[in-house]
Amino acid sequence: MFYTSAYLNLSPDDRADRPPRFIVRFKTLVKRFKGFVKEKSLDEREFEGVYEDFDRIEDFLSNPKNLESEEGIPVRGIAIFSNSREGYWEVVQLPYVIRNSLVVDIEPYKRGVLAVETEFGKNLVVDFGKKHFYAYMLEPYKLRTIAETPDFAQWAERPATFKYAAGNIPAYRTTGTKNFEMLKMEEESKIAKFVANEIFEIYKRERFDNLFLSSPDKKLIPMMVSYLHTYVKHTYRGELELSHPTNKNEVYNVLLDKITQMDREEESQLASRFEEMLALEMAVKGLQPAIDMALLGNVEILIIDVDFSKEGFICHPSGYYGVFGECPGASDRVVLTPDITNKLIEHVLSLGGRVEIANTDRLRNAISGSVGAILRWKIEAKV
């Protein structure tokens, strides 16, 4: 009895086309699987339940209401698990998916959901200015407003004079141009300290993984970052461009766009690291070498070209898999698959490794358009 697992991107671009790009992509994956079954002369009767799953998933994807969240926040990824013959059906909405994929195996492929949940983590987005402070906590399936101060009354009215204590005698001075600038700097410093303190209070109540900041006054952000508590400062990831006032939909979309941008920027650094590790024999290139290292538990970072796929086989219950070869156990059940990279991804994630999909030319070229793996330890050549 087979389970069908489908992971699909639902980005704005994927939704914009008619028909939507994600439905075309799903149909393409289904067509490839059915072609694989015929090419390998497999008994199609074994996959009748799987074909029912395909129809059920396509019907579900065709209804736009099924792709909306109850929280009213964007859904940019979805994972669907089905086994029609067993009456099993599960849908998980995600901020994104690691890779568009369709997996048919004797168990559901759920490691991708856990990987996204872990990678996305808890994100605190703080939007602040001279007269407002908002804080939002974003997790894979929800967004909560945890602080809302639309007006800082204590800073709304600027005094015309400063008052200083000179011994027991109050001393006053007027606010000329220079003194006005000093007043402005003092006000900005006060705001920055207040916001930094509020963020630390939030952190003490509810730990978060990533901090993003937005402000109409860009000068306030670096000043505020300098005041962040040491425990919080290491979570700071960057600036967002939020309008004011904003809404949940915008906050979530802007954050996801920022994460995508950061991921693309990091690909260049990852390409350089992969090339360095390859020269030191601490990395391998190619699908089978990567699988060999994964089976040894020796993959720290797995890199797969966004368009790469390769046929392979999976052995149950031993867990062995590959592009070619035989199962180690005589009692193993062999399951053929049109894309063994999905099993490789699941295996690396299960061992605490990291998976990166190569989208940029720089990283794709580094792995020669296939698969690369940065290793945990060097494998000595056999004499």
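This is a predicted model: local features need pLDDT of at least 70, side-chain atom pairs count only at pLDDT 80 or more; totals for chains, interfaces and linings use all residues.
Which residue forms a salt bridge with Glu-139?

Figure 1. The partner of Glu-139 is Arg-144, with 3.0 Å between the closest N and O atoms. Glu-139 counts as buried, at 16% relative accessibility, whereas Arg-144 has a relative accessible area of 27% and is partly exposed.

**Figure 2. Salt bridge between Glu-90 and Lys-110.** The side chains of Glu-90 and Lys-110 meet at an N to O distance of 2.5 Å. Glu-90 belongs to strand β3 (residues 88–94) and Lys-110 to the loop between β4 (101–105) and α4 (111–120), so the contact ties together parts that are 20 residues apart in sequence. Glu-90 is partly exposed, its relative accessible area being 27%. Lys-110 also counts as partly exposed, at 34% relative accessibility.

**Figure 3. Salt bridge between Arg-364 and Asp-307.** The N to O distance between the side chains of Arg-364 and Asp-307 is 2.8 Å. Arg-364 is located in helix α12 (residues 361–366), and Asp-307 in the loop between β13 (299–305) and β14 (312–316); the pair therefore ties together parts that are 57 residues apart in sequence. With a relative accessible area of 60%, Asp-307 is exposed. Arg-364 counts as partly exposed, at 22% relative accessibility.

**Figure 4. Salt-bridge network of Asp-14, Asp-17, Arg-21 and Arg-25.** Salt bridges link Asp-14, Asp-17, Arg-21 and Arg-25 in a network. The count of salt bridges in the model comes to 28.

Technical notes:
Residues are numbered from 1 along each chain as its sequence is written. Side-chain values use heavy atoms; hydrogens and water are left out. A salt bridge is a side-chain nitrogen of Lys or Arg within 4 Å of a carboxyl oxygen of Asp or Glu. Helices (H or I, at least four residues) and strands (E, at least two) are DSSP runs, numbered from the N terminus. Buried means under 20% relative accessible area, exposed over 50%, partly exposed in between (1.4 Å probe, protein chains only).
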